[in-house]
Amino acid sequence: MSLSIYNARILDPASGLDETGAVFIDRGKVKEISAGQTTAHADAKASIDAGGLCLAPGLVDLRVKTGEPGVEQKETLATASRSAVAGGITSFVVMPDTTPVIDDMALVRFITERAKTSAAARIYPAGALTTGLKGEAMAEIGLMANSGAVIFTNGDLPVANASILKRAMAYAASLGATIMSRPDERALSGSGVMNAGELAGRMGLSGIPIEAEWIGAMRDTALAEATGCTLIMDQVSTPRTIEIANAARERGAKVFTTAAAHSFFFNELDVGDYLTYCKVNPPFRDEATRLGLIDALKRGEIDAVVSAHDPQPPEEKRLPFGEAAFGAAGLETVLPAMLSLVHDGPLSLLEALAPVTCRPADMLGLPQGRLAANAPADLVLFDPGKPWLCEREYLRSRSTNSPFDGRRLQGRVLRTFVAGEEVFTHESIA
Amino acid sequence: MTRAAYHYSFDHEHLLSIEGLSPLDITHILDLADNYAEATRAGIRPDPVLKGKVVVNLFFENSTRTMSSFEIAARRLGADVISMPVAASSVKKGETLIDTAMTLNAMKPDALIVRHSASGGPKLLSRKVDCAVINAGDGTHQHPTQGLLDTLTIRRTKGRIEGLKVVICGDIAHSRVARSTTQALHLMGAEVHLCAPRTLLPSGTDTWGAASATTDFDKALKGADIVMMLRLQLERMDGAFLPSRREYFSFFGLTKERLALAKPDVTVMHPGPMNRGIEIESAIADGEQSVITEQVEMGVAVREAVLHLLAGGRA
């Protein structure tokens, strides 16, 4: 089945292409990109007039949590994938902190198989770095890698013991495996529930200090440098953490950084009257830090932006702030959050798309995340300016704990394709 | 009763925090409380403005003093009072704060008095119920009736609030009393100075209305009209936040010698319960400068006023 999408504003951050044209898709792959073409390819079996709207590579998301296996009432791979494609995300990595923990090859294969049979998007498992995520013993990194695990991580709680982390990094480096770790000195941040500072003090909430992230980043980059391991620093939340990464890179360390899409959008004041949907880790920081993070993104120093999707059902969120679970549902709001940096911020469309398409794909060595001949036909068609009101009851995730609930957003996904198949169509055009 | 000549109405549904109250609101509450205090002293039974009303004491954290104070206040005004120490009951069975609130709400009480160990707990609850919610202390956030009773005690003792130098010393970081009292006194024009060891002194106390925050108790005491000592939980003193009890007492304990640095007519306060010999010498706690028992007395009066305003229809 071949398809021509024409009269589209074609955006390919990998090559810098931003032109009106047409894309020809055949057998799940992009066959041809015809810049300037405003009519359908004559030999296509089907065609779509994009009406001048944006056509970009499907988004690649390095950090998604679901509840499968074990806590399916939060989210399954299938429900997460439906939410993902509604947000234009066509590939995502699922975290290993499930029940049981994804720490052996059978469980890695379970995820891959379940994803194949039930999910609308491409799903890649992350393997646990340590057995049971306990931070004590190295998990079977090599066997899991051979079974399809794309990165290794200790999830929300980084390995506390530097010696264990150093050995895991050295071992992973010898296999060419990539480790993703949250820079976080838990001895400092452990009891915190929101950004440390004046507001936390006034609200009587314990704080998560920024220096907990800096110390974690200094330790992790030093170990990455010492071992030659490829390290993705997961969800950095301050500009100084980026400086620490930059310094390590200058010395030759293979260090990447990611940031959560919501951290560019919210600051600590959004916690307001103890709104638990705004309880995330790392927490929303102060306004100067948020702006500093946007500057770092503009300079290209943040390699990838993630949804940090962490579905939590009402019983985990309808609690006093200190007792509520961390986490925000984020799959459907990554693109609008990035577009807000175009509409109200300093980014160009291509600059906003690169950290959610080609850059994360490159970090994993995946061929998607770009619009190029022979790349997988994972595409998203979106209207960049379309205003909409985010209401959680209309989100597709099984848990709708979104801090964007009630926010006016701009930019809406209209169609999403995975391997040339349309997997999402917005109701306005269906 | 002092009736304001100007048009004024107490326009609050709940009392969750001092934040959100105006100086006029506070004056109104204190005036009413003053009358209740005088009535009690004169042995006059006040009008039963809460007759037929149901007031529920919902305490998720153990407390004898505050719960009894609210209970006595509500009974004096004729309310039917049910006191539920929830710490030991349904919460242990996995029932959440909201479930408990919804259940109680269905029984149509007129006021819920809530103490909870989590900051923001009463606020969360107030969103789910139809009646007035009074915060009786939430985590390390607020204890508004304490802030009001401290303000009333000071006003009665000194005849004014404005321009007074008030020093609050102790575990500021973990104290909901410090937050509420600082805010209330600042709103009424006092100059509040906070004093604590560095590890118990959070940043940003100026946003509460504090004039200064210092670790030098002796310096803070100079010229003070009021000294309020806060309770320091014993577990915070053994190495975690402070080296030892005796080291704390030597730098921050209120002794006779230290008190001499303040004004000669200085007044000593403590929200209780006290650690005698750790934050305050017994001789001072029981001395003539101390108004600690009057604070307890004013607690009942302030709570009568607050219940009257929130559950008794408009005054």
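Which residue forms a salt bridge with Lys65(A) at 3.9 Å between the closest N and O atoms? Asp97(A) does. By salt bridge I mean a side-chain nitrogen of Lys or Arg within 4 Å of a carboxyl oxygen of Asp or Glu.

Some ground rules. This is a predicted model, where local features need pLDDT of at least 70 and side-chain atom pairs count only at pLDDT 80 or more, while totals for chains, interfaces and linings use all residues. Residues are numbered from 1 along each chain as its sequence is written, chains are lettered from A in the order in which they are written, and side-chain values use heavy atoms, without hydrogens and water.

Back to Lys65(A). Asp97(A) sits in the loop between strand E7 and helix H2 of chain A, and Lys65(A) in the loop between strand E6 and helix H1, so the pair ties together parts 32 residues apart in sequence. Helices (H or I, at least four residues) and strands (E, at least two) are DSSP runs, numbered from the N terminus.

Lys65(A) also forms a salt bridge with Asp310(A), at 3.4 Å between the closest N and O atoms. That pair spans 245 residues. Both Lys65(A) and Asp310(A) are buried. Buried means under 20% relative accessible area, exposed over 50%, and partly exposed in between, with a 1.4 Å probe and protein chains only. Lys65(A) comes out at 11%.

Next, the interface. Here, 15 residues of chain A are in contact with 24 residues of chain B. Contact means heavy atoms within 4.5 Å. The buried area is about 1,500 Å², with 53% from carbon and sulfur atoms. That is the accessible area (1.4 Å probe) that two parts lose on being put together, summed over both. On the chain A side, Arg202(A), Tyr274(A) and Arg318(A) lose the most, together 41% of what that side buries. The rule finds 2 salt bridges across this interface. Arg202(A) also meets Glu19(B) in a salt bridge, at 3.5 Å, N to O.

Last, helix H2 of chain B, residues 65-76. Its 12 residues reach 17 Å from first C-alpha to last, close to the expected 16 Å. The expected span is 1.5 Å times one less than the number of residues. Which residues of H2(B) are buried? They are Thr66(B), Met67(B), Ser69(B), Phe70(B), Ala73(B) and Ala74(B). Just after H2(B), Gly78(B) takes a positive phi of about 90°.
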